[in-house]
Amino acid sequence: GGAQAGVAVEQPTGATRKFEHRQDFDTNGLFYFLGCQGGIRSSYTNPADIGMVTVTSSSLMSDSQPLSALVGRISTRCVTKPHQKSWMQINLKEVKIKLTHYTLRHYNSWDTEALRYWNLEGSNDGQSWVPIRQHMDDRALRKSGGSHTWAVD
């Protein structure tokens, strides 16, 4: 763990909040918080649908659900075209985080075709990307709609 050489670690300014992961898709995470507009609303809405985050990708399959599903709470089929170097990106806008865990859910179509090889990367500017975690033949996602949470050093 720790900071990598050449990577500036910014100290928090303004209000800070700690999110405690207890179980997959609990109401304690960043996207749930943003979906409630930072606690202003008691009901949740997908944060991409209300402009709290922006989600982009390299390309989507024609039968994929909209990309906003990436930050949603509903198990669905949101999938890129099967090309090497396919990617999905979540822009948190002005929110800065120190990531400790992240959760992914396998799409709800089939038990097959689950993610096995991917990189999680972070960026402060959307241009320079820093590897956070690399997954090589990761078999944690196994079942249709199944989820897993990984710790980040």
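Here is a short chat about a predicted model of one protein chain.

Reader: Before we start, what kind of model is this, and how are residues numbered?

Author: It's a predicted model, where local features need pLDDT of at least 70, side-chain atom pairs count only at pLDDT 80 or more, and totals for chains, interfaces and linings use all residues. Side-chain values use heavy atoms, with hydrogens and water left out, and residues are numbered along each chain as its sequence is written, from 1.

Reader: In what order do the elements of the protein chain run?

Author: Helices (H or I, at least four residues) and strands (E, at least two) are DSSP runs, numbered from the N terminus. The chain has one helix and six strands. From the N terminus on, the order is α-β-β-β-β-β-β.

Reader: How much of the chain is buried?

Author: Buried means under 20% relative accessible area, exposed means over 50%, and partly exposed is in between (1.4 Å probe, protein chains only). Of the 153 residues in the chain, the buried share is 23%.

Reader: Which residues form the largest nonpolar core?

Author: A nonpolar core is a set of buried Ala, Val, Leu, Ile, Met, Phe, Trp, Tyr and Cys residues joined through side-chain atoms within 4.5 Å. In soluble globular proteins, nonpolar side chains tend to be buried together. The largest core here has nine residues: Leu30, Leu34, Ala48, Val53, Val55, Leu67, Val71, Cys78 and Leu92.

Reader: And which residues does a second, separate core include?

Author: That second core has seven residues. Among them are Tyr102, Ala114, Leu141 and Trp150.

Reader: Which residues make up the covered face of strand 1?

Author: In a regular strand the side chains alternate between the two faces of the sheet. Strand 1 covers residues 54-57, with Thr54 and Thr56 on its uncovered face. The covered face has Val55 and Ser57.

Reader: What is the bridge partner of Thr54 in strand 2?

Author: Two strands pair if DSSP finds at least two bridges between them. Strand 1 and strand 2 (residues 88-91) run antiparallel and are joined by four bridges. For Thr54, the partner is Asn91.

Reader: Asp138 is buried, so which side chain of opposite charge is nearest, given that there's no salt bridge?

Author: Asp138 sits in the loop between strand 5 (130-135) and strand 6 (147-151). Lys and Arg count as positive and Asp and Glu as negative, while His and the chain ends are not counted. A salt bridge needs a side-chain nitrogen of Lys or Arg within 4 Å of a carboxyl oxygen of Asp or Glu. Asp138 has none, and its nearest oppositely charged side chain, 4.9 Å away, is Arg133.

Reader: Which side chain makes a polar contact with the side chain of Asp138?

Author: A polar contact is a pair of N or O atoms within 3.5 Å; within protein, one must be able to donate a hydrogen and the other to accept it, and residues adjacent in sequence count only if both atoms are side-chain atoms. A polar atom of the Asp138 side chain also lies 2.9 Å from the backbone nitrogen of Ala140. The side-chain partner, at 2.8 Å, is His135.

Reader: Is His135 buried or exposed?

Author: His135 is found in strand 5. Its relative accessibility is 2%, so His135 counts as buried.

Reader: What is the phi of Asp137?

Author: Most residues other than glycine have a negative phi, and most peptide bonds are trans. Asp137 lies in the loop between strand 5 and strand 6. Although Asp137 is not a glycine, its phi is positive, at about 50 degrees.
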